[in-house]
Amino acid sequence: MTETITIIIDGQDYQVPRGMNLVDAAKMHGVDIPVFCHHPKLEPVGMCRMCLVELGSLAVNRETGQPERDENGQPVVRWFPKLQTACTQEASPGMAVRTDSAAVAQARYNVLEFLLTSHPLDCPICDKGGECPLQELTMAYGPGQSRFIYDDKMHLAKQIPLGDLICLDRERCIQCARCIRFCDEIVGDEVLAFHERGRRLQIITISDPPFDTKFSGNTTDICPVGALTTVDFRFGARPWELDEVASICPHCPVGCNISASTRLDRDFGGRKMIKRIMPRQNEAVNEIWICDKGRFGHHHSRSEERLTQPMIRRDEEWVPITWETAYREIAAQLARHGRESGFLAGASLSNEDLWELRKLARLTHADCSLGVWPATMGGIEQVTQVGVGVGTRLQDLGPDSAILVIASDLDEEAPIWWLQVKQAADRGAKVVAANGRATKLDQYATVALRYPYGEAVAALNSFAVIARRSNAIDEAFVAARAEGFAEFDASLKGARVPKPYAEAAQALLGAKDLVVFVGGEGVTLAQHGELMQAAANLLILTGHAGRANNGLIPVWPGANMQGALDMGFGPQATHDLIAQRPAMWIIAEADPVAEDARMAEVLVGAEFVALATQFMTPTAEKAHVLLPVQSFAEREGTFTNGLRRVQRFYMAQTPLEGTLPAWKVFAHISSSMPGGAKPRIAPGLVMRDITQHVLRYAEMSYPNLAHVEPQFPLVGGEDMYYGGTAYSNHGGLGVQWATNAEKEKYSLAVRPVDVARPRLDGLAVVPVRLLYDREPLFAPSSIMHQRVPAPYVELNVRDAEALGIAEGDAVMLTADDVQMAAEARVNSHAPAGTVLVPQRLGATPIPATLVECVVQKMEG
Amino acid sequence: MLAEKHAERIEKIFAKYPDKRSGVMALLYLAQEEYGWLSEEVLREVAELCDIDPTQVRSIAGFYTMYSEKPKGKFWLQVCTDLPCALRGADEFFSGLCAYLGLGERGGTTEDGLFTVEPVMCLAACDKAPMLQCNFHYHENLDLEKVKMLVEQWRAEAGQGDGAVG
Amino acid sequence: MPGAWLLADAKDPHRNGVLKTMTHILLRNRDIADIWQFDTYVANGGYDALKRAVNDLSPDEVIQIVSAANLRGRGGAGFPTGRKWSFIPKDAPVKYVTVNADESEPGTFKDRELLEKNPHQVIEGALIAAYAIQATAVYIYCRGEFWDLALALEERIEEARQANLAGEDILGSGWSCPVYVHLGAGAYICGEESALLNSVQGVLGQPRVRPPFPAQVGGGLYYAPTVVNNVETLANAPWIILNGADAYKAIGTPESPGPKIFCMSGHVERPGNYELPLGITFRELIYDQAGGIPNGKKLKGILPSGASGPVLRATEEVLDAPLTYESVAALGSTLGSASFILMDEDTDMVWAAAKMTHFFRHESCGKCTPCREGTYWLDTIYERILRGEGTARDLELLEKVPQQIMGLVLCALGDFACNPVLSTVRQFRDEYEQYIGLAEPVAAEA
């Protein structure tokens, strides 16, 4: 813990952590020191000079070591002759500060006058007007008018696109460099910079594509003027017309807290619509950042392609039916097929949807399989044991921490986690980036470990072997909590560990905290359980379980995979269903036909398929009844993120007429079944059912989930100039469920390890995930289309040469029953013997993980 | 391509520094020498060599006055007109030179693309004013007659199609 | 009239004694024409100081000698050099010496002569500093316009390296220290030490926030502890090591010992560099040494430290004042790098101030608000006044805008920019009033 010290601000004593930035320390106690360039998440630069204060220190008698006192017994302060920037001071004992003197007021006035001489007076048409730090601080401290001649003002370009998402107004820029520093320090994408110098200083980007970062939107939040605005929101609305609705991003397992800025809008028939998505502060989740997919990927909720009418297929025609008819039809079919019914849930359903679907399944027959889609990653058992501890904050990982990321391209799959791991590395955390190929994390990793695809389990098992052989076992923890240690130990005999694996393992051992991210890239479902157990072994044996900032974080595909698993759905059940081919299917918010070549045939062979969906997807084309359900924006619910934090989202947009929330649809079908109960009237009541039946959700009542506590740094509200326009959190911080490791009564299973290294034959397919793809919830956001590539495959130079394929060639990839056309990218990115195939870029399914394939150049 | 043509010089530049980024200034000089000026394409080439984003290279190129992101004349004449030189007639010298080359009072580039004349900030040759630098080489203790002779000399050099200048 | 000033100062036998025996300490090229050549330099005692330091002295002893000599930085700030060296943490694995040869102050051209004509002495001085802090490398930051000079300097360094005086295992001592030249590209601000470090690192040449200071971990070149010294400062080091602190202190005054190069430019009969002991008077320098003002004109204004210090009116009091850091400060200006720009009686001081203001606007890096905006506005006001469109309000702004800059900026450039403005407005107000028509009878108000 940092030591607490006393500093004096405006004559009053305050307790603050030693070394804390003075602006932040004052802010904590409600003392405003105005700033433009300083931001609590960025390194101080002392550029704007807005935070000038009088600074001094308590005089100490050199002989006695006691504070000197004046004739009145008051401590004597020695003041610096010149004003000092508060943002470049660290709180130290005896520090004295005056923020309320005439000299300080004059300095603020001066800086504002200077800034305003070069700033246009276009507040009435500026997007930032109403939430603008420059406006705010000018009102508080600035001049009423300028002494300089307005005719001499510089006139500069006002609409410079910085890439396709962000627009720069050069006249408004006050050169605080927050945007540049965000890109450099927080993200590490040095794609913005100053050009020229002096008053001609201007923001530029010539990266390819321009402003090439997945986090560009955040610069508009921390820009203290209207210089940077998003193309998505530009001239869209005035901030004071907007109603804020707390929500959760539906795009990935990070579960970023977002705020939907909404208003009743002419463009939406006078109904309430989302005008923009902003970050909402949750220091344990996304802090105050969101990625561009989350910010700009909200357009699906108002897409014209949305389905708004229940329909049934009659003679290959879609015929509209009433909801009532749909419920009765499906209920009748379920009654008829009974245990021959399969249930498949997508990873973007809310917990309430999932619970009602599960209830429906149980009402149909106790043996019905509950599958989840995508069915690529398992390991809920290991998450239950050693998932990352309650209270974990990735931003707290630093010099004492170690982080392993295995089988995931975090940057593409969970950008904010990537950002946090990168920053932890910057703070000195040991990071091992282990995958079959290079990823962006490598440049920040202590060790970038390359294993041949197929060997992930052997590689991670090796870590436990090394831990044991290096005496890095936490004996006490193992003795108290682990079971199966003897069998584990026995399995090590003769285990040979290749040097690179040993070196990577060594980098992780000995840290105070250890977090392991496990993804699913290049790992089959069968291997995935072993991979998760290998991670669990390592964490248990080294004692990194059962406490905050330690444990396992699965990089699930989808925003609520964790919730689906918690509600009893699972990937093995999905594979069982595909094998069993039940006659009746209920599928919700999943598009398996687009992703798995077998599924079209499976569904065509079924007698009845009901699909709850927002869009007419390839799966919808194989269904018999379509149930138009609502997007995350149109209703209430909860998602559980990859750190097992259950978080509420609220209704942000008037639902499209004719749509219903999925939970309600399932509840109505249930009530049409024999023995079905009356539907709940609100999702909060569904959650109450969950709290009563799902043990780990016992604390997840809506009031609990809506609980908020003060967070630091302060953002939004009165403090926009300080933390930016990210919204403060009024919707709830969410609640994490505790793992077995956190409860003394449970023992934790360690299993024997196998470090045998399987060999792959031929050319193996490795599906990879891209952040910007064509999945149904993202494709309608046309603003992002330039960032989504056409379908391609990546081949190693060696393989490509052998196959006579060159960069840019059109190729056909064939495996089992899959045929997909794509453009070839030839590089050293793909290891020899594998083809990297991005998921969901085209309309056809891609082959499954590690399937052998043939790639041929297409003629003509 | 710089990498092929100047492999040895590039290697020497990088050998001086613990990281490649520090080579950016020397590489910009090299690129300017090779291509005459720093187009966006050239900036990208330098970025590739230094392993940094081209935005950073453009930022460096734009900060310093000796890099040019626009084409200059074959002879880039920078005349110091700061106070010490101006006290010794540099302003008149500058406008006289401009007039001789048929340029406006703020200088510019001659129509034949041979000469660019610009005022420049102090070049640490105050005791030898008026002075100018031509393609980074100093010519000191000048007057209008002397510089006219130099101009004709350069013109003649250019006429011979000789690459070596200054 | 060489020697004339010696007679004028014969009343000070202390200083006189030294100067009788030595004509130049720094500008030895004036006495030995080919001293830029390695062999000539060595034949005249060159590198003996480095050998003495490396072979006979500990790094701490070198620092003690330089501290005892009270060598003060010649770049402008006058900070004690030995103290600067002593700040470097001993246990840091990587340490640097960076030589500031970004000489860009209008009126300053002394480092150029040293590097061009007596380069080995600078290299030797840098290596002595490097030895004193046990540096792992030396970078000489030359302003980009010193293009030809820098190429030649690299050859001189190579000569030293081949003689085992730089590079690997210097003089068999086990200490290795390569010397490199880094070329700037035209930016006055890179003479500011932290901007200079950024520039070497290939990041934008803007000043850094301090602390951490260059001598501290996190504040120097590549964030390692670093000494940044001016060229002229280091050129003193070999002589001090060879002749000792006492001999050095015998030159000049106790507070400002040693020789100093004075750069003379503007309205002066014999412009150029003059190496003289600190403590001679303005009059001796200007009239006895540099030959006075051309065409028999009277001297009006003196800029003793280039464009960045306040201008002095050439009164008798000023002319008789000694040139030390302290006494020039007492007159209300600063000795800085001792770059004298002289202006005769016919000089338009408003125009002169405008020239300097334009310089600072052009060179402001733009990082901090008061300098970026303030220099822009000062320059704009001057343009207006020179166009004949200035008003009394503009004159008032010229006095007030500097108050919004001075002491409130990130580095000294903003403070420098205010000096010519304030000093001319205060001392030559009548000339401003002529420009804005205030000298006319106040008819409009009647």
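Among contacts in chain A between residues at least 6 apart in sequence, what percentage join residues at least 24 apart? In this predicted model, the share is 75%.

**Chain A as a whole**
- The secondary structure of chain A consists of 25 helices and 37 strands, and its radius of gyration of 29 Å is close to the 29 Å that the globule rule gives for 860 residues, so chain A is as compact as a globular protein of that length.
- Taken along the principal axes, the box filled by the C-alpha atoms of chain A is roughly 95 × 70 × 60 Å.
- Of the 860 residues in chain A, 58% are buried.

**Nonpolar cores**
- In soluble globular proteins, nonpolar side chains tend to be buried together.
- The largest nonpolar core holds 444 residues, and those that touch the most other members are A:A345, C:A126 and C:V138.
- Leaving aside residues up to four places away in sequence, A:A345 touches A:L354, A:L357, A:V372, A:W373, A:A564, A:F569, A:A588 and A:A590.
- Another core, of 24 residues, lies apart from the largest one, and its members include A:Y453, A:V793, A:V826 and A:V835.

**Contact between chains A and C**
- Chain A contributes 26 residues to this contact, and chain C contributes 23 residues.
- On the side of chain A that touches chain C, the largest share, six residues, comes from helix α2 (residues 102-117) of chain A.
- Sorted by class, that side of chain A has 13 nonpolar, seven polar and six charged residues.

Definitions and conventions
Residues are numbered from 1 along each chain as its sequence is written. Chains are lettered from A and ligands numbered from 1 in the order in which they are written. This is a predicted model: local features need pLDDT of at least 70, side-chain atom pairs count only at pLDDT 80 or more; totals for chains, interfaces and linings use all residues. Two residues are in contact if their C-beta atoms, placed from the backbone, lie within 7 Å. Helices (H or I, at least four residues) and strands (E, at least two) are DSSP runs, numbered from the N terminus. Ala, Val, Leu, Ile, Met, Phe, Trp, Tyr, Cys and Pro count as nonpolar, Asp, Glu, Lys and Arg as charged, and the others, Gly among them, as polar. A nonpolar core is a set of buried Ala, Val, Leu, Ile, Met, Phe, Trp, Tyr and Cys residues joined through C-beta atoms within 7 Å. A residue is buried if 20 or more other C-beta atoms lie within 10 Å of its own, exposed if 12 or fewer, and partly exposed in between; C-beta atoms are placed from the backbone. The radius of gyration is taken over C-alpha atoms; the globule rule is 2.2 Å times the number of residues to the power 0.38.
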